[in-house]
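Keep the structure open beside you as you read.

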Amino acid sequence: MEHKKSGKIPKAPVGVRTKRWLFDFKNQIPLQMMVLPGVVFMIIFNYIPIYGLKIAFQNYTVVDTLDTAKWVGMENFKIILTDKYFWDSVYNTLGISLLKLLIGFVAPIILAVMIYELKDGIFKRVVQTISYMPHFLSWIVLGGMLISWLSTNGMFNSVLKGLGLITEGKNILLDANKYWWIAVLSDVWKSAGWGTILYLASMAGIDPTYYEAARIDGAGRLRQIWSITIPLIRTIIGLNFILTISGLLGSNLDQTLVLMNTQNQPRAEVINSYVYRMGISQGDFSYATAAGLGVSIVSVVLLVIANKLTSKMNERSVL
């Protein structure tokens, strides 16, 4: 009677729940075997290395072990807070990441809508293939192309000369003030096409009768996109927004290492490349680990905030 009054359903005994779990596991053995390699990979490369985070609280050197290194507490974090070069890298990271958020987050949505609106045929497939292609090229390849195109006698300067906009070419990649835009636009070029896949998959599941009803009511193509397409893919938009915000402090290391040079370094150095240089090049493992740990904590906080904001905007449960 108490259960009926309270509305709570009593839990099954532990033995019953265990048997039920074993029964379900047995029925799903083929699926469990498919998941197992991924679980093992995550344990080895994502969970076991967590033990190494203790380096952030030690004065670790190459002759020490994790258990013999001297404990220094929060000393490494205090050094970070007073390190001018670290905060310069934070400034560059935020500047580049915010530009990527404003441009790179919207670009795949616009491109996906444009591709979706095309009639099925050869042209649509060609457009999709061309837009996906840069994603499969490494930053070593794309960086080499950009370095060549933006050089003094490269394609970009040749085009500007041909149009009469400049009389003498210059190496644009050496201009630190232009690096942010080079990093942002090249990243959009590489990832925008691949970013349309989730959006196009969601759009493919939209009931065509919505568009038919809208056309009967006199809605044009833009109105259909704004009132039907965008609202029906907002869950995927929200999910991508959460992932983008959580990676706000994690600028592309590969891109930075390829495009950065001594001339543009003041504006090109980001947190990841700075931590890489301090840890690998200079051997200050404790400092690099402390910086990486701090960035990870802030990223988790941003992830939670973005999740809360997105859930309120979608007026539904958190994603």
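**Exercise 1.** At 25% relative accessibility, does F241 count as buried, partly exposed or exposed?

Solution. Start with the background: this is a predicted model, where local features need pLDDT of at least 70, side-chain atom pairs count only at pLDDT 80 or more, and totals for chains, interfaces and linings use all residues. Residues are numbered from 1 along each chain as its sequence is written, and side-chain values use heavy atoms, with hydrogens and water left out.

Step 1: recall the classes. Buried means under 20% relative accessible area, exposed means over 50%, and partly exposed is in between (1.4 Å probe, protein chains only).
Step 2: apply them. F241 has 25% relative accessibility, so F241 counts as partly exposed.
Step 3: With 15% relative accessibility, F105 counts as buried.

**Exercise 2.** Describe the ring pair of F86 and Y274, then that of F105 and F241.

Solution. Step 1: know the rule. Rings of Phe, Tyr and Trp (its six-membered ring) pair if their centres lie within 6.5 Å; planes under 30 degrees apart are stacked, over 60 edge-to-face, and the rest tilted.
Step 1: count. The whole structure holds 13 aromatic pairs.
Step 2: take F86 and Y274. Their centres are 6.3 Å apart and their planes 55° apart, which makes a tilted pair. F86 is in helix α5 (residues 84-104) and Y274 in helix α16 (residues 271-281), so this pair ties together parts that are 188 residues apart in sequence. Helices here are DSSP runs (H or I, at least four residues), numbered from the N terminus. Both F86 and Y274 are buried.
Step 3: take F105 and F241. This pair is edge-to-face, with 5.8 Å centre to centre and 70° between the planes. F105 lies in the loop between α5 and α6 (106-117) and F241 in helix α13 (residues 234-246), so parts that are 136 residues apart in sequence are tied together.
Step 4: look for a group. F86, W87, Y274 and Y287 are linked into a cluster by ring pairs.

**Exercise 3.** Describe the largest pocket by its volume and its lining.

Solution. Step 1: define it. On a 1 Å grid over the protein atoms alone, a pocket is an open set of points where a 1.4 Å probe fits, with protein on both sides within 12 Å along at least five of seven lines; lining residues have an atom within 4 Å of a point.
Step 1: give the volume, the space filled by probe spheres set on the points, with grid points joined across faces, edges and corners. The largest pocket has about 690 Å³.
Step 2: list the lining. There are 22 lining residues, and G104, F105, D187, S191 and T244 lie nearest the centre. The elements giving two or more residues are α5, α10 (179-204) and α13. Helix α10 gives the largest share, six residues.

**Exercise 4.** Which residues does T244 touch, not counting residues up to four places away in sequence?

Solution. Step 1: contact means heavy atoms within 4.5 Å.
Step 1: T244 is in helix α13 and touches L101 and F105, leaving out residues up to four places away in sequence.
Step 2: T244 has a relative accessible area of 30% and is partly exposed.
Step 3: compare with K100 in helix α5. K100 counts as buried at 14% relative accessibility.
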